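Student: I've got a model open and I'd like to learn how to read its pockets, core and rings. Can you walk me through it?

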Amino acid sequence: MKILAITIETNDLDKTTQFYSEILQFDLCYKSELEVHYKIGHSLLKFVKTAHATAIYHYAFNIPSSLLESALNWARQRLEVIKNPTDQLITTFENWNAQAIYFYDNNGNLVEFIARYDRDESSKSASFDPSKIESISEIGIVTAEPMGLAADWIKQYGLSYFEKSPPTKDFLALGDDEGLLIVVSPQRNWYPTNIPARQTTTSIEFEIQDTTISLSTAQSNIER
């Protein structure tokens, strides 16, 4: 599954633009008074301006697995990388055959660079820079009943559970190593932090089996 775009809210568009353009040095491809878009591989990260406070979003970006250490060094020069519960900057997910690093953006959103070792290596570069980021890898979705919402989306959109992550009532993943919808309940915190998972307004566009699908967490079925 390819995540083509996610649209999320910010109540400070100017500082968000400054952070993603100057700190992360992402490729700004559209800007207006109401929204900004960043091109990241085959994905678009879109921020829209809102007047109200927003809950914390969690999203991840695929990076070449060979550049994880380089990406960590690059990130540490620009921002504070979050330590996991074992006091490490790199988290290993053995069942997923992946490793990741985490940091916050200016909005307090939890951002992740993840290296998935079962994906095809796309870069032969020796060092990391933002142009090496391949796509949006994950977007977190919060609902009171993850299993019920997943069943609806599997039926409606032909999604499937991520084969490396057996679903539970509080956490599940839909998709594959290329792109995942991470669906959790409000009973969880966003790993590796103590930040409670809370519902957010998110629009997601993804491609599955040559079909492009758009959905929004503002739809009534997110509440269940």
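Student: How much space lies in the largest pocket?

Tutor: Some ground rules first. This is a predicted model, where local features need pLDDT of at least 70, side-chain atom pairs count only at pLDDT 80 or more, and totals for chains, interfaces and linings use all residues. Residues are numbered from 1 along each chain as its sequence is written, and side-chain values use heavy atoms, leaving out hydrogens and water. A pocket is an open set of points on a 1 Å grid over the protein atoms alone, where a 1.4 Å probe fits, with protein on both sides within 12 Å along at least five of seven lines. Here the largest one holds about 230 Å³, a volume being the space filled by probe spheres set on the points.

Student: Which residues are closest to its centre?

Tutor: Lining residues have an atom within 4 Å of a point. There are 14 here, and H58, F93, Y102, F171 and Y191 are the closest to the centre. Strands β8 (110-116) and β11 (180-184) each give two or more residues to this lining; strands are DSSP E runs of at least two residues, helices H or I runs of at least four.

Student: What about the core: which residues have the most contacts inside the largest one?

Tutor: A nonpolar core is a set of buried Ala, Val, Leu, Ile, Met, Phe, Trp, Tyr and Cys residues joined through side-chain atoms within 4.5 Å, and buried means under 20% relative accessible area with a 1.4 Å probe, protein chains only. The largest has 52 residues, and Y20, L45, Y59, F61, F113, L181 and F206 have the most contacts inside it. Helix α2 gives the most to this core, with 5 residues. A second, separate core of 18 residues includes W96, F171, W190 and I195.

Student: Which residues of α2 are buried?

Tutor: In that helix, residues 68-76, the buried ones are L68, S70, A71, L72, W74 and A75. Their cover includes α1 (13-23), β5 (58-63), β7 (98-104) and β8.

Student: And how many aromatic pairs does the structure hold?

Tutor: Rings of Phe, Tyr and Trp (its six-membered ring) pair if their centres lie within 6.5 Å; planes under 30 degrees apart are stacked, over 60 edge-to-face, the rest tilted. You'll find 16 pairs. Take Y157 and F206: their ring centres are 6.5 Å apart with planes at 90°, so this pair is edge-to-face. Y157 sits in helix α3 (residues 146-157) and F206 in strand β12 (residues 203-208), so the pair ties together parts 49 residues apart in sequence. F206 counts as buried, at 0% relative accessibility.

Note on methods
Buried means under 20% relative accessible area, exposed over 50%, partly exposed in between (1.4 Å probe, protein chains only). Contact means heavy atoms within 4.5 Å.
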